[in-house]
2 protein chains.
Amino acid sequence: MKTKPTAPWQILDDAEVYSAPPWIKVHRQQIRLPNGRIVGYHQIVLPDYAIIAAQTADGKFVVERQYKHGIGTVSLFLPGGVIDHGEKPQQAAKRELLEETGYKADGWREIGVYVSNSNYGCGRAHVFISRNARKITEPNSGDLEDMEIVLLDAPSLLRAVRSGKFMSLSSVAAALCALNHRS
Amino acid sequence: MKTKPTAPWQILDDAEVYSAPPWIKVHRQQIRLPNGRIVGYHQIVLPDYAIIAAQTADGKFVVERQYKHGIGTVSLFLPGGVIDHGEKPQQAAKRELLEETGYKADGWREIGVYVSNSNYGCGRAHVFISRNARKITEPNSGDLEDMEIVLLDAPSLLRAVRSGKFMSLSSVAAALCALNHRS
């Protein structure tokens with residue numbers, strides 16, 4: 001069923017209206033819709049980030065329990081973080097796993113790239129899987145990221161997702177992508 | 001393994017630095033971390049939204065194919081949209097399904113609520129499942145939302161997710177939540 005043609009919007013004008021470098025930029029755009037109507041719209045530019053489903057040799061996923069300010073409480077998360085300027089997504093994934101958990105892993109593979117907000121953008125999530133994760137050092141992720149590390153096998157990870165123990169959209173998406181991945 | 005205590009951050013000051021009512025507010029906060037260090041941080045307030053995995057009586061999911069400006073191209077999406085002021089999440093889910101697709105459904109159930117961005121907030125996704133979806137009218141979602149409706153059975157939905165045909169984090173999360181839901 002096709003209701004109307006689906007066509008990209010045309011950006012007539014684009015102005016930065018707020019910026020907190022290097023983290024946040026808000027743009028206000030003037031848009032011409034496919035039907036000719038002109039509307040105002042925003043784009044929110046946040047850094048792209050990597051999020052990692054790393055499994056130990058015995059199949060356990062490396063999970064974090066921590067406070068995150070966007071959530072406002074303690075929750076479970078998969079490891080992850082912002083891709084630095086000039087860094088490749090997989091480099092960021094390896095760096096973040098090591099910094100946050102002290103784990104190193106093999107067999108890295110990007111299994112999806114998803115836009116955080118389909119209206120405003122808000123950065124893209126690069127979802128990675130990796131295997132043979134093992135602790136090689138102590139975590140060193142800075143004082144914004146105090147956390148506990150928890151190891152969950154696949155059934156426990158799925159149960160934790162189903163029972164709402166992960167409160168972040170990217171962690172839930174990445175956990176389910178990894179659990180439903182067919183290599 | 002516990003590296004350091006996980007404790008909420010204390011908000012010492014909070015100032016709105018950009019606002020485009022009723023859609024976007026950006027706040028700059030002064031934060032005291034659990035270790036006493038004081039840092040600046042942002043919160044981005046976007047509306048909460050509903051996202052819907054609705055299945056027809058013969059088990060097909062109601063999927064949309066459309067352009068979204070945050071993605072910048074045409075992609076598959078699950079139906080969904082912003083929860084209006086004063087509206088309950090489930091009311092919004094029913095309204096958005098009807099407006100966007102012309103479908104009505106039964107057996108509504110919220111199976112998860114997830115924060116879009118664990119650092120900045122960016123609104124919460126309320127994930128709904130429903131069944132017995134049937135077309136009762138023509139879509140009427142306004143000229144920002146030209147789209148096609150596609151019906152996908154569960155294996156096809158999973159294949160579409162795995163092959164990257166859904167480019168939005170909330171659609172991928174909601175599709176996999178629905179496929180992995182155990183009622």
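# Reading a two-chain model

Me: How many helices and strands does chain A have?

Reply: Chain A has 3 helices and 10 strands. Helices (H or I, at least four residues) and strands (E, at least two) are DSSP runs, numbered from the N terminus. Going from the N terminus on, the order of elements in chain A is β-β-β-β-β-β-β-α-β-β-β-α-α. The C-alpha trace of chain A spans about 55 × 40 × 30 Å along its principal axes.

Me: And the ground rules?

Reply: This is a predicted model, where local features need pLDDT of at least 70 and side-chain atom pairs count only at pLDDT 80 or more, while totals for chains, interfaces and linings use all residues. Residues are numbered from 1 along each chain as its sequence is written, chains are lettered from A and ligands numbered from 1 in the order in which they are written, and side-chain values use heavy atoms, with hydrogens and water left out.

Me: What is the mean pLDDT of chain A?

Reply: pLDDT is the predictor's confidence in each residue, from 0 to 100. Where pLDDT is low, the predicted coordinates should not be read in detail. In chain A the mean is 94, and 95% of the residues reach 70 or more. For the complex, the predictor gives an ipTM of 0.94 and a pTM of 0.95.

Me: Why do the copies meet through the same surface?

Reply: 100% of the interface residues of chain A are also interface residues in chain B, so the copies meet through the same surface.

Me: At what angle do helix α3 of chain A and helix α3 of chain B pack?

Reply: Axes are lines fitted to C-alpha atoms, for helices over the stretch in contact, and angles run from 0 to 180 degrees between N-to-C directions. The two α3 helices (residues 169-179 in chain A and residues 169-179 in chain B) pack at about 55°, with axes 9 Å apart. α3(A) and α3(B) are therefore oblique to each other (under 35 degrees counts as roughly parallel, over 145 as roughly antiparallel, 65 to 115 as roughly perpendicular and the rest as oblique).

Me: Which residues of α3(A) and α3(B) meet?

Reply: Contact means heavy atoms within 4.5 Å. On the α3(A) side you'll find Leu169(A), Ser170(A), Val172(A), Ala173(A), Leu176(A) and Cys177(A), and they meet Leu169(B), Ser170(B), Val172(B), Ala173(B), Leu176(B) and Cys177(B) of α3(B). Sorted by class, that contact has 10 nonpolar, 2 polar and no charged residues (Ala, Val, Leu, Ile, Met, Phe, Trp, Tyr, Cys and Pro count as nonpolar, Asp, Glu, Lys and Arg as charged, and the others, Gly among them, as polar).

Me: At what angle do helix α2 of chain A and α3(A) pack?

Reply: Helix α2 of chain A (residues 154-162) packs with α3(A) at about 145°, and their axes are 10 Å apart. Ala154(A), Leu157(A), Leu158(A) and Val161(A) from α2(A) meet Val172(A), Ala175(A), Leu176(A) and Leu179(A) from α3(A). This contact of α2(A) with α3(A) has 8 nonpolar, no polar and no charged residues.

Me: Where does a cis peptide bond join residues of chain A?

Reply: Between Pro21(A) and Pro22(A), with omega about 0°. Pro22(A) sits in the loop between β1 (10-20) and β2 (24-32) of chain A. In chain B, a cis peptide bond joins Pro21(B) and Pro22(B), again with omega about 0°.

Me: What phi does Asn132(A) have?

Reply: A positive one of about 55°, although Asn132(A) is not a glycine. You'll find Asn132(A) in strand β9 (residues 121-135) of chain A.
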